[in-house]
Amino acid sequence: MKKDVNYYLSLGLDEAMAKYYASGRKKIIDVKANENYTLVITFNNGEKRLMDCKTFIKDNTVFAILKDYNVFKRVYVDSTHSISWDKDPNIDSEKVWSNKIDLCPDSSYIDSVPIEGE
C-alpha cells in the first residue's frame with residue numbers, strides 16, 4: 001500500500017498527523033526561545049515554525065520547571081533532533097536521561113505554525 005495520507009488515516013492517525021507523515025518526517029536543526037514562551041523552530045526542509053509553549057507549561061507537570069524563563073531559554077536541539085531542556089545544566093543528560101525534558105520533532109512540527117514570510 002502506498003504511504004499517502006489515506007494510508008496513515010487507515011492506521012488511526014488524525015488528519016494533521018497523516019499529512020505530516022505522508023509528506024515525510026522532518027528533523028529539527030535549530031531552536032530559539034522567545035521571551036513570550038514561544039519557540040522558533042527550524043526544520044531540515046528550511047521551514048521555520050512557531051510553537052507556543054504556554055499551553056503545556058503548567059504546575060504539577062514535568063514542564064513546570066520551564067515557568068522560570070532562565071530555564072526555558074536554555075533550550076537546545078539534542079542528538080536525536082528533539083527540542084530539549086536540561087533540568088540541571090551541570091549534569092550531562094546524555095549520561096543521566098532523567099535530567100532532560102524533551103519534545104519530539106514530529107509533535108513539535110504538528111503543534112507549531114508556519115512563520116509568515118519565512
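## Polar contacts of S93

A polar contact is a pair of N or O atoms within 3.5 Å. In this predicted model, the side chains of S93 and D86 form such a contact at 2.5 Å. The side chain of S93 also makes a polar contact with that of N99, at 3.0 Å.

S93 lies in the loop between β5 (83–86) and β6 (100–103). Its relative accessibility is 6%, so S93 counts as buried. Beyond the neighbours within four places in sequence, S93 is in contact with Y76, D86, N99 and K100.

## The largest nonpolar core

In soluble globular proteins, nonpolar side chains tend to be buried together. Here the largest nonpolar core has 22 residues, of which L39, I41, F72, I83 and W85 touch the most other members. Elements giving two or more residues to this core include α2 (15–23), β1 (28–33) and α3 (69–72). The largest share, three residues, comes from β2.

Apart from neighbours within four places in sequence, the contacts of L39 include V31, R49, F72, I83 and W85.

The model contains ten aromatic pairs. In one of them, the ring centres of F43 and Y109 are 5.0 Å apart and the planes stand at 80°, so the pair is edge-to-face. It links distant parts of the chain, with F43 in strand β2 and Y109 in helix α4 (residues 105–110), 66 residues apart. F43 counts as buried because its relative accessibility is 0%, and Y109 counts as buried at 13%.

Ring pairs join Y7, Y8, Y20, Y21, F43 and Y109 into a cluster. The charged end of K26 sits over the ring of Y109, 5.0 Å from its centre. R49 lies over the face of Y109, 4.0 Å from the ring centre.

How values were computed. Residues are numbered from 1 along each chain as its sequence is written. This is a predicted model: local features need pLDDT of at least 70, side-chain atom pairs count only at pLDDT 80 or more; totals for chains, interfaces and linings use all residues. Side-chain values use heavy atoms; hydrogens and water are left out. Helices (H or I, at least four residues) and strands (E, at least two) are DSSP runs, numbered from the N terminus. Buried means under 20% relative accessible area, exposed over 50%, partly exposed in between (1.4 Å probe, protein chains only). A polar contact is a pair of N or O atoms within 3.5 Å; within protein, one must be able to donate a hydrogen and the other to accept it, and residues adjacent in sequence count only if both atoms are side-chain atoms. Contact means heavy atoms within 4.5 Å. A nonpolar core is a set of buried Ala, Val, Leu, Ile, Met, Phe, Trp, Tyr and Cys residues joined through side-chain atoms within 4.5 Å. Rings of Phe, Tyr and Trp (its six-membered ring) pair if their centres lie within 6.5 Å; planes under 30 degrees apart count as stacked, over 60 as edge-to-face and the rest as tilted. A charge sits over a ring if NZ of Lys or CZ of Arg is within 6 Å of the ring centre and within 35 degrees of the ring normal.
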